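This report looks at a few side chains and a surface patch. Please keep the sequence and the model at hand.

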Amino acid sequence: MILEHAVARASELGLEALSIGQLARELELSKSGLFGHFDSKADLQVQILDKVTEQFTRTVIKPALQEPRGVPRLRRLFENWLHWAASKDSQRKGCPYMAAAMELDDKPGPVRDTLVQAQRQHIYVLERTLQLGQEAGAFDPQYDAAAGAQEMYGFILSFHFYKRLMQDPQAETRAKQNFERFLQRLTQGVTS
């Protein structure tokens, strides 16, 4: 319960702005009681990121992995990720990863290390999805899977910027169009 609330607040305020005292007040708990769950603010931040990773895996990655290799799996992964980035539900007010990335990109330490590890895992999933699609004969075997993963991640980052900050009503349409053009390049010349 504490971490669920902390994730929601961190996605809204950022990791740095969140404090154990603030969480204690909002959850109507004693500060010392709440502090017993976390050794430090950095420990709280790491546990928030671990919780976000658990949520992301459950809602974005695992459902996509149920799809057949190739276009269906890659499309589902992309669509799930867009939904994640655009979310404004009671649990999250956006993507905690994006907020954390802005705060931590030049700040070494265990919190940044946790964020980088999570992002590497997500990028690996993109790259591996492309590789498995190539092995299944769905994608051009000459296509550089690492470059494709970076390009897809770029679509997601761009979507986040245009949807959340710029509040552009066409952001999702353009992101999906970019993805479809990417798929055309990826499947060009493939006969399956």
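The model is predicted: local features need pLDDT of at least 70, side-chain atom pairs count only at pLDDT 80 or more, and totals for chains, interfaces and linings use all residues. Residues are numbered from 1 along each chain as its sequence is written, and side-chain values use heavy atoms, with hydrogens and water left out.

Serine 11 belongs to helix H1 (residues 2-13), and glutamine 45 to helix H4 (residues 41-65). Helices here are DSSP runs of H or I with at least four residues, numbered from the N terminus.

| Residue | Relative accessible area | Class |
|---|---|---|
| Serine 11 | 8% | buried |
| Glutamine 45 | 5% | buried |
| Methionine 166 | 46% | partly exposed |

A polar atom of the serine 11 side chain lies 2.8 Å from the backbone oxygen of alanine 8. For glutamine 45, a polar side-chain atom is 3.1 Å from the backbone oxygen of leucine 15. Beyond neighbours within four places in sequence, glutamine 45 is in contact (heavy atoms within 4.5 Å) with Leu15, Glu16 and Val111.

Methionine 166 sits in the loop between helix H8 (145-165) and helix H9 (171-187). Together with Phe161, Tyr162 and Leu165, Met166 makes a nonpolar surface patch of about 410 Å². Such patches consist of residues with over 30% relative accessible area and no salt bridge, with nonpolar side chains (Val, Leu, Ile, Met, Phe, Trp, Tyr) joined within 5 Å and like charges within 9 Å. A salt bridge is a side-chain nitrogen of Lys or Arg within 4 Å of a carboxyl oxygen of Asp or Glu.

Definitions and conventions: Areas by Shrake-Rupley, 256 points an atom, 1.4 Å probe, with all protein chains shown as cover. Helix = DSSP H or I, 4+ residues; strand = E, 2+ residues; numbered from the N terminus. Buried < 20%, exposed > 50% of the residue type's maximum accessible area, 1.4 Å probe, protein only. Polar contact = N/O pair within 3.5 Å; in protein donor to acceptor, adjacent residues only side chain to side chain.
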